[in-house]
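Please keep the view open as you read.

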Amino acid sequence: MQQRRVPTISDVARLAGVSTGTVSRVLNRRPGVRPETRERVLAVVERLGYVPMAAARELSGHTNKVGVLVSPRVWKYSPYFILLFEALSDSLWNENFKLEEIPLNAAGQPMIEAEGYIVLGAHDHDPRLEQMVRQHPSTVLVGVQPGMFWVAPDDPGGAYRATEHLIKLGHREIAHLSAAGQVGRERFEGYRQALEDYRVPYRSELVFDGAFSTLPAYRAVRRAWEQGVRFSGLFAASDEMALGAIAALEDLNLRIPQDVSVVGFDDLPDLGRPLTTVRQEIPEIARTVMQLLKEAISRAPPRGVRVPVQLVVRDTTARKR
């Protein structure tokens, strides 16, 4: 007698006409799925009698749990980190791992044991990193840290291309919205290197702290302009800061891009306007984390990976008038 094949998540996705990521979101009860799509997926799950591998492992007492260690900062309210967390969850689910946020104790150690760990939102001199490398080598950092497994977008290269784009449009007074931390520092380095390579004078008064958030960016840009600081181009180290800058400039009766060209970084969806920006491939970052996590679990030598980025030209940049 032929044994019945066990249905897979791919079978559910194919019959429901959706991606495996959508099936994962439905089964994990996460937002972002239309009600009719959710009902269709659940109907296929019931018809096939599909049991997710992660659930099957839990029933048998075996689970490939991966803990995500979150910075105590308010990263989880950032659209970028929300998208990254969802992409990581989907990528891990498709490889039969279960992602779970794990709290830290007073010593900075995870309070729940897991097969592997992902560190998000690390900051300068973050004590978690050295401790995790020493006590939990199966750890992957989303960021840059020699001596451990890490994944990061090409932040310096993306910032360079954003600034270069403005320079090639004829802009010479180019402001930069930056922020503290490793990511902000690397994107600032790319901005400054482009200025140097194209012999555009660096002016410290054109660098503003936008704190990777819309409102601080708005305040910084408006304050600078009202104090007489002038520029025809602006590169913001995140899309959220770019939106704050645009709002400030428009409130000052300036036109985008006729008076000031603006470039962001991240390519977040649903921003409400066609922003010229540097695109991070968030799903590719998540897939790379998954690959390195498997290497870390198998005790391979640690390595880091830079994920390529792409300049996407839209409607917020134009040749200087």
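## Terms and overview

Two residues are taken to be in contact, or to touch, when they have heavy atoms within 4.5 Å of each other. The model you are looking at is predicted.

The protein chain holds 11 helices and 12 strands. Of its 321 residues, 51% count as buried. Take the contacts between residues at least 6 apart in sequence: 70% of them join residues at least 24 apart.

## The cores

Let us begin with the largest nonpolar core, which has 40 residues. Leu-177, Phe-208, Val-221, Phe-231, Leu-234 and Leu-249 are the residues with the most contacts inside this core. Two or more residues come from each of these elements: helices H7 (155-168), H8 (182-197), H9 (214-226) and H10 (239-251), together with strands S6 (174-178), S8 (233-236) and S9 (261-263).

Residues up to four places away in sequence aside, Leu-249 touches Val-221, Trp-225, Phe-231, Leu-254, Ile-256, Val-260 and Val-262. Another core, of 28 residues, lies apart from the largest one, and Val-68, Leu-92, Val-151 and Leu-292 are among its residues.

## How H9 meets H10

H9 and H10 pack with their axes 7 Å apart, at an angle of about 40°. That angle makes H9 oblique to H10, and the crossing of the two helices is right-handed.

On the H9 side, the residues that meet H10 are Thr-214, Ala-217, Tyr-218, Val-221, Arg-222 and Trp-225. Their partners in H10 are Glu-240, Met-241, Leu-243, Gly-244, Ala-245, Ala-247, Ala-248, Leu-249 and Asp-251. Sorted by class, this contact has 10 nonpolar, two polar and three charged residues. Val-221 and Leu-249, which take part here, are also listed among the residues with the most contacts inside the largest core.

Now have a look at Arg-128, in helix H6 (residues 127-135). Arg-128 has a relative accessible area of 3%, so this residue is buried. Between Arg-128 and Leu-69 there are 9.0 Å in space, C-alpha to C-alpha, although the two are 59 residues apart in sequence.

Lys-65 belongs to strand S1 (residues 65-70). The cut-off for buried is under 20% relative accessible area, so Lys-65, at 19%, counts as buried. Beyond its neighbours within four places in sequence, Lys-65 is in contact with Lys-98, Glu-100, Ile-112, Glu-113, Ala-114, Glu-115 and Gly-116.

## Backbone details

Most residues other than glycine have a negative phi, and most peptide bonds are trans.

The peptide bond from Ile-256 to Pro-257 is cis, with omega near 5°. Pro-257 sits in the loop between H10 and S9, and Ile-256 is one of the residues that Leu-249 touches.

Ala-211 is not a glycine, yet has a positive phi of about 55°. You will find Ala-211 in the loop between strand S7 (207-209) and H9, where its relative accessibility of 46% counts as partly exposed. Asp-267, also not a glycine, has a positive phi of about 60°. Asp-267 lies in the loop between S9 and strand S10 (277-280). Is Asp-267 buried or exposed? At 18% relative accessibility, Asp-267 counts as buried.

How values were computed
Residues are numbered from 1 along each chain as its sequence is written. This is a predicted model: local features need pLDDT of at least 70, side-chain atom pairs count only at pLDDT 80 or more; totals for chains, interfaces and linings use all residues. Side-chain values use heavy atoms; hydrogens and water are left out. A nonpolar core is a set of buried Ala, Val, Leu, Ile, Met, Phe, Trp, Tyr and Cys residues joined through side-chain atoms within 4.5 Å. Buried means under 20% relative accessible area, exposed over 50%, partly exposed in between (1.4 Å probe, protein chains only). Helices (H or I, at least four residues) and strands (E, at least two) are DSSP runs, numbered from the N terminus. Axes are lines fitted to C-alpha atoms, for helices over the stretch in contact, and angles run from 0 to 180 degrees between N-to-C directions. Angles under 35 degrees count as roughly parallel, over 145 as roughly antiparallel, 65 to 115 as roughly perpendicular and the rest as oblique. A crossing is left-handed if the near helix is turned anticlockwise from the far one by less than a right angle, and right-handed if clockwise. Ala, Val, Leu, Ile, Met, Phe, Trp, Tyr, Cys and Pro count as nonpolar, Asp, Glu, Lys and Arg as charged, and the others, Gly among them, as polar.
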